[in-house]
Structure formats: C-alpha cells, structure tokens
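Please look over the sequence and the model shown here before reading the notes on its core, its pockets and a few single residues.

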Amino acid sequence: MLEGSFEYIQQKIGDIIPDTAVILGSGLGGLVDSLADAIVIPYRDIPNFPQTTVAGHSGCFYVGR
C-alpha cells in the first residue's frame with residue numbers, strides 16, 4: 001500500500017533525495033515557511049496517504065532546503 005504513496009512522492013520530487021525528515025506537530029507548521037525551493041504536495045493527492053483530521057493543520061507534505 002505504501003508503494004503507491006512512495007512512487008507518487010518520488011515522481012513529484014524528481015532527483016531530490018532528502019537526508020533529513022522532520023514531522024512537525026501542532027504549533028510548528030510555520031517552520032515550512034523557511035524552506036527554500038519548497039515542493040508542496042497536498043496529502044489528499046498522495047495515494048493511500050492518511051488525511052489530516054486536526055483543524056488548522058495544512059495537510060501537506062513538504063520537501064525543500
């Protein structure tokens with residue numbers, strides 16, 4: 001099931017290979033504003049990916065520098 005998610009994200013980010021992953025909790029979402037060259041993928045577009053259920057969360061997957 002995760003293979004569909006992985007393939008979709010890989011297609012969107014191309015040759016980028018992240019070396020660090022950060023899962024942001026409530027109150028930390030503003031950190032994504034500091035990303036350079038950000039690629040933003042809404043969770044709803046990612047196959048088999050869980051959806052955000054908390055009000056105020058962006059519900060997006062971010063890749064950037």
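The sections below go through the core, the pockets and selected residues of this predicted model.

## Nonpolar core

The largest nonpolar core has 6 residues: Tyr-8, Ile-9, Ile-13, Ile-41, Ile-46 and Val-63. Helix H1, which spans residues 2–13, is the main contributor to this core and supplies 3 residues.

Ile-13 is one of the core members. Beyond its sequence neighbours up to four places away, Ile-13 touches Pro-18, Ile-39, Ile-41 and Val-63.

## Largest pocket

The largest pocket holds about 1000 Å³ of space. Its lining is made of 32 residues, and Val-22, Ile-23, Leu-24, Val-32 and Tyr-62 are the closest to the pocket centre. By residue type, the lining splits into 17 nonpolar, 12 polar and 3 charged.

## Second largest pocket

In the second largest pocket there is about 190 Å³ of space. Its lining consists of Phe-6, Ile-9, Gln-10, Ile-13, Gly-14, Asp-15, Ile-16, Ile-17, Pro-18, Phe-61 and Val-63. Two or more lining residues come from each of H1 and strand E2 (60–63). H1 has the largest share, with 4 residues.

The lining counts for this pocket are 8 nonpolar, 2 polar and 1 charged.

Is Ser-5 buried or exposed? Ser-5 sits in helix H1 and is classed as buried because its relative accessible area is 4%, under the cut-off of 20%. Its side chain reaches the backbone oxygen of Pro-47 at 2.4 Å. With neighbours within four places in sequence left aside, the contacts of Ser-5 are Ile-46, Pro-47, Asn-48 and Phe-49.

Apart from residues within four places in sequence, Lys-12 is in contact with Ile-39 and Ile-41. Ile-39 and Ile-41 are also touched by Ile-13. Between Lys-12 and Gly-59 there are 16 Å in space, C-alpha to C-alpha, and the two are 47 residues apart in sequence.

## Loop residues with positive phi

Which class of exposure does Asp-37 fall into? Asp-37 is exposed because its relative accessible area is 57%, and the cut-off for that class is over 50%. Asp-37 belongs to the loop between H1 and strand E1 (39–42). Although Asp-37 is not a glycine, its phi is positive, at about 55 degrees.

Asn-48 is in the loop between E1 and E2. Its phi is near 60 degrees, which is positive in a residue other than glycine. Asn-48 has 44% relative accessibility and therefore counts as partly exposed. Asn-48 is also one of the contacts of Ser-5, and Ser-5 itself is buried.

Terms used. Residues are numbered from 1 along each chain as its sequence is written. This is a predicted model: local features need pLDDT of at least 70, side-chain atom pairs count only at pLDDT 80 or more; totals for chains, interfaces and linings use all residues. Side-chain values use heavy atoms; hydrogens and water are left out. A nonpolar core is a set of buried Ala, Val, Leu, Ile, Met, Phe, Trp, Tyr and Cys residues joined through side-chain atoms within 4.5 Å. Buried means under 20% relative accessible area, exposed over 50%, partly exposed in between (1.4 Å probe, protein chains only). Contact means heavy atoms within 4.5 Å. On a 1 Å grid over the protein atoms alone, a cavity is a set of points where a 1.4 Å probe fits but cannot get out, and a pocket is an open set with protein on both sides within 12 Å along at least five of seven lines; lining residues have an atom within 4 Å of a point. Grid points are joined across faces, edges and corners, and a volume is the space filled by probe spheres set on the points. Ala, Val, Leu, Ile, Met, Phe, Trp, Tyr, Cys and Pro count as nonpolar, Asp, Glu, Lys and Arg as charged, and the others, Gly among them, as polar. A polar contact is a pair of N or O atoms within 3.5 Å; within protein, one must be able to donate a hydrogen and the other to accept it, and residues adjacent in sequence count only if both atoms are side-chain atoms.
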